[in-house]
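Dear colleague,

Here is the structure I said I would pass on. My notes on it follow below.

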Amino acid sequence: MTAPHDPLAPFANGPREPERHLTSLSGWRSFVDDQPVIPALLSAAERAALSPAELTRYDEDRLDHHTRLLVVATSTVQHTVTCGRRLVLLNRHAVSARRGLIVSGPAGTGKTTAITQLGRAHELLDRARHPGVSDRIPAVYITVPPAATARMVAVEFARFLGLPVRVRSNITDILGLVLVDELHNISLTTRSGAEVSDTLKYFSERIPATFVYAGINVERAGLFDGTRGEQIAGRFTLVPTAPLPYNTEWQGLVATLEDSLRLHDHQPGSLTALDRYLHDRTDGMIGSLSHLIRGAALDAILTGSEKITKASLQAVPLDHSSESS
């Protein structure tokens, strides 16, 4: 639950700049702890009474709010969290052959959001079960580097945990969940890619945790081919992601994003009236939709228009994939 932030109250320690690198333990914990504060929208009279410095701080607070990616519990996020929590419980007493999860689909369909929300939910539950205990690591989040080698993946684990890379350190005390993003950077057709796959398999056997992978169309990239691929296919549940069709879920997503706007002259319902245009413009990609609406909201504050219109949406460029479709 979030509460409105007093636009005239200074932050206790200056502007909020939490560590945002999820691939470090401190960054991950900042992400789990983060509770976005919704800025209060002042009345016209209250806004007119602000000093120039107060008005600048007020607008900066609203700009910061609109730069954040609002997490909406889409069907993909809900399904991923449900499947992931189920697997964590099923794996609780497993000594080998633990089951895992793979979230796969086109870019911009919410894969990273889904697995990070699963990790956040898992860590919050673990904290509730072990209050006051600060040395537990319920979840780990790493990304697979391009052209990854087995050593590079090991370094990613060490970096997250803050371990010296050149020291043989024990990473088998991780509790619960290991999230591995950018899985499409592994190619089983290369020697190094096969070694990465073997390394992850070794970790999954040694670390008493549920492994969750995410990547772009990994089932099309040969991840399930050959002997190694058969082993992966036999242990992992696949959660496919895809662009949202134009339906009630899409309409509800647009309405939720509109409700999050903090603009003075925006007419409620004017954005939902454009939900068909927004779907056509973004091809149903959640990432593109979020970028488009947040970009238009920032422009509305910076230009002083304080509202989003079809014309202002058209002025926000999207990724090449969306614009060329």
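I start with a loop residue. Asn217 touches Ser104, Gly105 and Pro106, leaving aside residues up to four places away in sequence. The C-alpha atoms of Asn217 and Ala107 are 8.4 Å apart in space, although the two residues are 110 apart in sequence. Please keep in mind that this is a predicted model.

Asn217 belongs to the loop between S6 and H8. Its relative accessible area is 17%, so Asn217 counts as buried, the limit being under 20%. The backbone of Asn217 is also worth a look: its phi is near 45°, a positive value in a residue other than glycine. Most residues other than glycine have a negative phi.

A second residue of this kind is Glu306, with a positive phi near 60°. Glu306 is in the loop that runs between helix H11 (286-303) and helix H12 (310-314). With a relative accessible area of 1%, Glu306 is buried.

As for the protein as a whole, it has 13 helices and seven strands. Of its 325 residues, 44% are buried. Among contacts with a separation of 6 or more, 75% are between residues 24 or more positions apart.

Next, the aromatic rings. The count of aromatic pairs comes to six. One of them is Phe211 with Tyr213, an edge-to-face pair with 6.3 Å from centre to centre and 75° between the planes. Phe211 is buried at 2% relative accessibility, and Tyr213 is buried at 6%.

How are the rings of Tyr213 and Phe236 arranged? Their centres are 4.9 Å apart and their planes are at 20°; the pair is therefore stacked, as planes under 30 degrees apart are counted that way. This pair links distant parts of the chain, since Tyr213 is in strand S6 (residues 209-216) and Phe236 is in strand S7 (residues 236-240), 23 residues apart. Phe236 has a relative accessibility of 16% and so counts as buried.

Elsewhere, Trp28, Phe31 and Tyr141 make up one aromatic cluster. There is also a charge over a ring: the charged end of Arg276 sits over the ring of Tyr246, at 3.8 Å from its centre.

Last, a helix pair. Helix H7 (residues 191-206) packs with helix H8 (residues 226-235) at an angle of about 35°, and their axes are 11 Å apart. The crossing of H7 and H8 is left-handed. On the H7 side the contact is made by Ala194, Ser197, Asp198, Lys201 and Glu205, and on the H8 side by Arg228, Gln231, Ile232 and Arg235. Which classes of residue make up the contact of H7 with H8? It has five charged residues, two polar and two nonpolar.

If you open the model, these are the places I would show you: the loop between S6 and H8 that holds Asn217, the stacked pair of Tyr213 and Phe236, and the contact of H7 with H8.

Regards

Definitions and conventions: Residues numbered from 1 in each chain as written. Predicted model: local features only at pLDDT ≥ 70, side-chain atom pairs only at ≥ 80, totals over all residues. Heavy atoms only, no water. Axes fitted to C-alpha atoms, helices over the stretch in contact; angles between N-to-C directions. Helix = DSSP H or I, 4+ residues; strand = E, 2+ residues; numbered from the N terminus. Left-handed = near helix turned anticlockwise from the far one by under 90°. Contact = heavy atoms within 4.5 Å. Nonpolar A, V, L, I, M, F, W, Y, C, P; charged D, E, K, R; others polar. Phe/Tyr/Trp six-rings, centres within 6.5 Å; stacked < 30°, edge-to-face > 60°. Buried < 20%, exposed > 50% of the residue type's maximum accessible area, 1.4 Å probe, protein only. Lys NZ or Arg CZ within 6 Å of the ring centre and 35° of its normal.
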